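Colleague: Could you take a close look at one part for me, the aromatic pair, and place it in its surroundings?

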Amino acid sequence: MAQAVPAGQKWWSGGKSPFNVEYGKLMMWYFLMSDAFTFGAFLISYGTIRFSSNGWPDPNEVFKAFPLMGETNLPWYS
């Protein structure tokens, strides 16, 4: 059975908090660490794919063509 807690009384009185850090700060650190791990995983997977392939497209050839326009000589492209 759930008991009603009067106003002003603390919910948890079990001594010291687990990390001695407030909830918002702890969740921000969890977010930052998960973001860092995700970005690191993307970089590792890109490096693995990049260096395991025998052939890689030449950037000079890839960026010559524009979508739906083919190879064109535009003034702002040099």
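Of the 78 residues of the protein chain, what percentage count as buried?

Modeller: Happy to! Of the 78 residues, 1% count as buried (under 20% relative accessible area; exposed is over 50%, partly exposed in between, with a 1.4 Å probe and protein chains only). A word on the source: this is a predicted model, where local features need pLDDT of at least 70, side-chain atom pairs count only at pLDDT 80 or more, and totals for chains, interfaces and linings use all residues. Residues are numbered from 1 along each chain as its sequence is written, and side-chain values use heavy atoms, leaving out hydrogens and water.

Along the sequence, the protein chain reads α-α-β-β, with two helices and two strands (DSSP runs, numbered from the N terminus: H or I of at least four residues for helices, E of at least two for strands).

Now to your part: the structure holds one aromatic pair. For pairing, ring centres of Phe, Tyr and Trp (its six-membered ring) must lie within 6.5 Å; planes under 30 degrees apart are stacked, over 60 edge-to-face, and the rest tilted. Tyr 46 belongs to helix H1 and Trp 56 to the loop between H1 and helix H2 (59-62), so the pair ties together parts ten residues apart in sequence. Tyr 46 has 47% relative accessibility, so this residue counts as partly exposed; Trp 56, at 41%, is likewise partly exposed.
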